[in-house]
Amino acid sequence: MRICLTFDVEEFTMPADYGIRKHNNETRFSKEGCIRLLEVLKKHKIMSTFFITGYFAEREREIVRMISEHGHEIASHSYSDRNLSGLRRQKLEKSVYDSKKILEKISKQEIRGFRSPHFSMNKHLFGVLEQSGFSYDSSVHPAIVPGHYWNINKGLDPYHAGENKKILEIPVSVIPGLRFPISWLWMRNFGNWISVAGTKANIMKRDVVLYFHPWEFADIPKIKGLPFYITSNTGSDFLKSIDKFIIKNKRHGFGRMDEIMDKGGSDRR
Ligand SMILES: [Zn+2]
């Protein structure tokens, strides 16, 4: 089994009370983070999957092209980084479909994967993904964190979903049993050991899917009104952490999400 590093490339929403209205929905932090990440991934010759919002792609076309030219998979993170759970089917269809078209046009890749913003679930999601020609989804986070996630009944392994069971759902990884998250702010605030331990606990049974946001690797200014753990240890500190993580886990191998997809979610025999 291997490890997939995945990146949710999106606008960074400044808190509404930050005062600079025009600076809401910044794309520059994710852009800066992407450029830094591409260097690290290139250094280690690792391929990854970037789930990108249509909003980001329309504003940062050059970055999307660059990610694609480096050989990484481009996937959809819907049109904007807004929660999808309350959307009516028609609006959801538009967000999913528009993002796919925008990303395909810019990257020249076929967009096969989807991850919903904030892991928000919508009862129409899998049906809409099937209808729009997607092959897999990675919007399930089977974690338990009181106040954030209570997905005690969600499976840890990939499974087929949708009206015609055409979508492979590939959940992101947690520590089995405890169901503690092992990606982004948890890795940033607790340290690499949590992701290393989580990888070790899963790797013999299933592929490991970690997720981050490129803005976590950018220099984010101090922002009033954001909890400290959202921006703590971001920038070059976190870039060093991910570099160390890759070195420590290189023996397992790293790959793109569509590679898990193409072996049917598992290479167990
Ligand atoms: Zn997001």
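This is a predicted model: local features need pLDDT of at least 70, side-chain atom pairs count only at pLDDT 80 or more; totals for chains, interfaces and linings use all residues.
Axes are lines fitted to C-alpha atoms, for helices over the stretch in contact, and angles between them run from 0 to 180 degrees between N-to-C directions.

Helix H1, which spans residues 28–43, packs against H3 at an angle of about 20 degrees, and the two axes lie 11 Å apart. Because angles under 35 degrees count as roughly parallel, H1 is roughly parallel to H3. The crossing of this pair is left-handed. On the H1 side, the contact is made by Lys-31, Cys-34 and Leu-38, which meet Ile-63, Met-66 and Ile-67 of H3. By class, the contact of H1 with H3 comprises five nonpolar residues, one charged residue and no polar ones.

Helix H3 also packs against H4. Here H3 covers residues 61–69 and H4 covers residues 89–107; their axes are 9 Å apart and meet at an angle of about 70 degrees. The range from 65 to 115 degrees counts as roughly perpendicular, so H3 is roughly perpendicular to H4. In this pair, H3 passes H4 in a right-handed crossing. From H3, the residues Arg-61, Val-64, Arg-65 and Ser-68 take part, and they meet Leu-103, Ile-106 and Ser-107 of H4. Sorted by class, the contact of H3 with H4 holds three nonpolar, two polar and two charged residues.

Taken together, H3 is roughly parallel to H1 and roughly perpendicular to H4, with a left-handed crossing in the pair with H1 and a right-handed one in the pair with H4.

Technical notes. Residues are numbered from 1 along each chain as its sequence is written. Helices (H or I, at least four residues) and strands (E, at least two) are DSSP runs, numbered from the N terminus. Angles under 35 degrees count as roughly parallel, over 145 as roughly antiparallel, 65 to 115 as roughly perpendicular and the rest as oblique. A crossing is left-handed if the near helix is turned anticlockwise from the far one by less than a right angle, and right-handed if clockwise. Two residues are in contact if their C-beta atoms, placed from the backbone, lie within 7 Å. Ala, Val, Leu, Ile, Met, Phe, Trp, Tyr, Cys and Pro count as nonpolar, Asp, Glu, Lys and Arg as charged, and the others, Gly among them, as polar.
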